[in-house]
Amino acid sequence: MSEQVKKFLYVNRKAPYGTIYAQESLEVVLIGAAFDQDVSMAFLDDGVFQLTKGQDTKGIGLKNFSATFRALGDYEVTKLYVEKESLDERGLTLDDLQNIEYEDEDDDYAEKPSIRLVSRAEMADVMAEQDVVLSF
Amino acid sequence: MATLHTVNKSPFQNPTLISCLGHAKAGDAVLMIEDGVYGAMNGTALSDAMATLGGDVSLYVLGDDLAARGIDAARLADGVTSVDYDGFVDLAANHDRTQNWL
């Protein structure tokens with residue numbers, strides 16, 4: 001089996017709960033994390049709504065999966081790219097999003113932010129440098 | 001002879017809410033549910049269009065769907081009323097028909 005590490009990008013463009021895409025994306029990311037690839041996640045368009053803090057799904061009878069994002073660091077998924085223009089269009093800022101951190105094992109396990117705010121142009125660059133792009 | 005319109009699509013992803021508001025008559029009610037609740041937020045790129053198009057209808061949003069998505073009631077645009085499921089039933093009962101914009 002090849003030892004080559006490929007760059008995987010999971011592109012999230014849908015809001016949570018109204019459709020199953022957001023939850024399915026997380027499931028696939030967690031499964032894929034077992035294969036020791038270089039995984040990134042992109043959040044743009046309505047996908048930025050997946051990361052809002054304070055989600056409370058008691059009233060709609062669906063599982064609140066938002067806490068799962070905070071566990072991604074344990075699976076070495078530490079690059080969550082969030083597009084600034086998408087936040088702006090929706091009246092959101094980073095303060096409206098969950099605080100998601102990972103422990104950097106190369107830096108004495110210092111806790112570092114997983115969310116990386118990027119412009120639309122920078123998001124295009126992130127997409128262009130991938131080997132595999134999976135869309136949700 | 002007023003109509004209750006429901007919209008369950010995000011207005012940022014889909015023109016359904018804008019189309020609904022363009023067809024709703026004065027005195028109708030528009031209830032935003034599921035991913036439609038994002039249309040009720042203030043300070044977005046669509047807020048001005050919502051205020052203009054929604055001027056002569058009553059705007060409602062399902063509070064349980066807002067809470068699920070982490071959108072605080074303080075983020076609601078002026079003129080939007082939050083209702084619970086009982087309020088949804090009341091709206092349906094108090095209008096002559098319900099039109100679901102899927």
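Mentor: Let us begin with overall size, keeping in mind that this is a predicted model. A compact globule of 136 residues would have a radius of gyration near 14 Å, and chain A, with 15 Å, therefore agrees with that expectation. Along its principal axes, the C-alpha trace of chain A spans about 45 × 30 × 30 Å, and 35% of the 136 residues of the chain count as buried.

Trainee: Which elements does chain A have, and in what order do they run from the N terminus on?

Mentor: Chain A has three helices and seven strands, and from the N terminus on they run β-α-β-β-α-β-β-β-α-β.

Trainee: How should I read a sheet, and what is the strand order here?

Mentor: Strands of a sheet pair through backbone hydrogen bonds, either parallel or antiparallel. In chain A, five strands form an open sheet in the order E6-E3-E2-E1-E7, with parallel pairing. Its edge strands are E6 (115-118) and E7 (132-135) of chain A, each of which pairs on one side only. On average, neighbouring strands of this sheet are turned by 25 degrees against each other, direction ignored.

Trainee: How many bridges join E1 and E2 of chain A, and what lies across these strands?

Mentor: Strand E1 (residues 7-12) and strand E2 (residues 38-43) of chain A pair in the parallel sense over six bridges, and Phe8(A) has Val39(A) in E2(A) as its bridge partner. Helix H1 (residues 21-32) of chain A lies across E1, E2 and E7 of chain A, running at about 165 degrees to E1(A).

Conventions:
Residues numbered from 1 in each chain as written. Chains lettered and ligands numbered in written order. Predicted model: local features only at pLDDT ≥ 70, side-chain atom pairs only at ≥ 80, totals over all residues. Pairing = 2+ DSSP bridges. Helix = DSSP H or I, 4+ residues; strand = E, 2+ residues; numbered from the N terminus. Axes fitted to C-alpha atoms, helices over the stretch in contact; angles between N-to-C directions. Contact = placed C-beta atoms within 7 Å. Rg over C-alpha atoms; globule rule 2.2 N^0.38 Å. Buried ≥ 20, exposed ≤ 12 C-beta atoms within 10 Å, placed from the backbone.
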